[in-house]
Amino acid sequence: MSHDPNCLFCKIAKGEIPSQKVYEDEEIYAFKDINPAAPIHFLMIPKKHIPMLASVEVADAPLLGKMMELAPRLAQEQGCRPGKEGGFRLVVNNGVDGGQEVYHLHLHVMGGPRPCNK
Ligand code: AMP
Ligand code: ZN
């Protein structure tokens, strides 16, 4: 599996840098964001080093599908309310113009009570 020894999130997935683990299987790692932007904010990453959404290949589609299927389950486990009245937000920043800071593909999962009803 491809791995970049200089990549922060590869190091987190391998346990070389500590993180607050939310979930792990053979392909996916999830951990709490160190600087949360919402009451619930965690990141889901493939263990495989994929720099950004724009570098995803067709062969990665099942892995990304698995992450999308897993996200609502983990969001609920982390305290997001289920169903239409609850919910969460999924964000993927892509590239400099997209505000990406860490170049290892990650889904931001954010939820919890909103400060206003906008
Ligand atoms: P992005 O701008 O989409 O690349 O987001 C990178 C995210 O990684 C930011 O929300 C950071 O707070 C988060 N982050 C950076 N370093 C760590 C870390 N060591 N552990 C957990 N989250 C981190
Ligand atoms: Zn990486």
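Are His49 and His104 buried or exposed?

Modeller: This is a predicted model, in which local features need pLDDT of at least 70 and side-chain atom pairs pLDDT 80 or more, while totals for chains, interfaces and linings use all residues. Residues are numbered from 1 along each chain as its sequence is written, chains are lettered from A and ligands numbered from 1 in the order written, and side-chain values use heavy atoms, leaving out hydrogens and water.

Both His49 and His104 are buried, that is, under 20% relative accessible area with a 1.4 Å probe and protein chains only. Together with Cys7 and Cys10 they hold the zinc ion (ligand 2), the donors being SG of each cysteine and ND1 of each histidine, at 2.0 to 2.3 Å; donors are N, O and S atoms within 2.8 Å of such a metal. The angles among these four donor atoms run from 106 to 116°, and the site is tetrahedral, a label that asks for all angles between 85 and 135 degrees. Along the sequence, the donor residues follow the spacing C-x2-C-x38-H-x54-H. The two histidines link distant parts of the chain, 55 residues apart, with His49 in the loop between β3 (40-46) and α2 (61-77) and His104 in the loop between β4 (88-91) and β5 (107-111); these are DSSP runs, helices (H or I) of at least four residues and strands (E) of at least two.

As for ligand 1, an N or O atom in the side chain of His108 is 2.8 Å from one of its oxygen atoms, and a polar side-chain atom of Asp33 lies 2.5 Å from an oxygen atom of ligand 1.

Conventions
Polar contact = N/O pair within 3.5 Å; in protein donor to acceptor, adjacent residues only side chain to side chain. Donors = N, O, S within 2.8 Å, 3.2 Å for Na, K, Ca; no water. Tetrahedral: all angles 85-135°; square planar, octahedral: opposite > 155°, others 65-115°. Buried < 20%, exposed > 50% of the residue type's maximum accessible area, 1.4 Å probe, protein only.
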